[in-house]
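Trainee: I have a model open and want to go through it with you. Can we start with the strands?

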Amino acid sequence: MRVGFGYDVHRLEPGRPLVLGGVAIPFSHGLRGHSDADVLTHAVCDALLGAAGLGDIGEHFPDSDPRLEGISSLELLARTCRQVAQAGYRIVNLDATVVAQAPRIAPHREAMRQRLAAAAGIDAACMNVKATTTEGLGPAGRGEGISAYCVALIAAHRP
Ligand code: MG
């Protein structure tokens, strides 16, 4: 068994679409980034790459690559999972936390879990999404951005 950790943060800007865990959430602001800036999915990718010893998301999907502009991060997650499988591992479970003062994440949490699990090719029971605010503290509390954390557990295909 191997464990990996992922962390990401993106800045919020007015008028951009907000996508978290592959779910479009109605909100006045969205996240800035080269892809769809889905900070939650990026943290999941990084946790998986870390667990498999495959580097990080910036190395695999550089923001200088014009083919990745505006791409759905669920596609990046699917590609990440193929690489993890090729490296000889299967996903045991993924546990992620979104840190956002607004909007409220809870109503969308189940949809995020389903989308992420589908993109990763795992049972939804092996994917968990949590959310918290920072009680108004720090950059997330001031609504300047949204961050996400994820831990991944993977195991060798054959023991
Ligand atoms: Mg990112």
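Trainee: Which residue in E6 is the bridge partner of Ala-96?

Mentor: Val-129 is the E6 bridge partner of Ala-96. This is a predicted model, where local features need pLDDT of at least 70, side-chain atom pairs count only at pLDDT 80 or more, and totals for chains, interfaces and linings use all residues. Residues are numbered from 1 along each chain as its sequence is written, and side-chain values use heavy atoms, without hydrogens and water.

Trainee: In what sense do E5 and E6 pair?

Mentor: Parallel, over six bridges, between E5 (residues 89–99) and E6 (residues 127–132). Pairing requires at least two DSSP bridges; strands are DSSP runs of E with at least two residues, helices runs of H or I with at least four, numbered from the N terminus.

Trainee: Which helix does the chain cross through from E5 to E6?

Mentor: Helix H4 (residues 109–120), in a right-handed β-α-β crossover. Right-handed means that, with the strands pointing away from the viewer, the path from the first strand over the helix to the second runs clockwise.

Trainee: Where is Pro-103?

Mentor: Pro-103 sits in the loop between E5 and H4. The peptide bond from Ala-102 to Pro-103 is cis, with omega near -5°. Most peptide bonds are trans, and most residues other than glycine have a negative phi.

Trainee: On phi, what about Ala-37?

Mentor: Its phi is positive, near 65°. Ala-37 lies in the loop between strand E4 (29–31) and H1.

Trainee: Is Ala-37 buried or exposed?

Mentor: Buried, because its relative accessibility is 0%; the cut-offs are under 20% for buried and over 50% for exposed, with partly exposed in between (1.4 Å probe, protein chains only).

Trainee: And Glu-135, buried or exposed?

Mentor: Exposed, at 71% relative accessibility. Glu-135 is in the loop between E6 and helix H5 (138–141), and its phi is near 55°.
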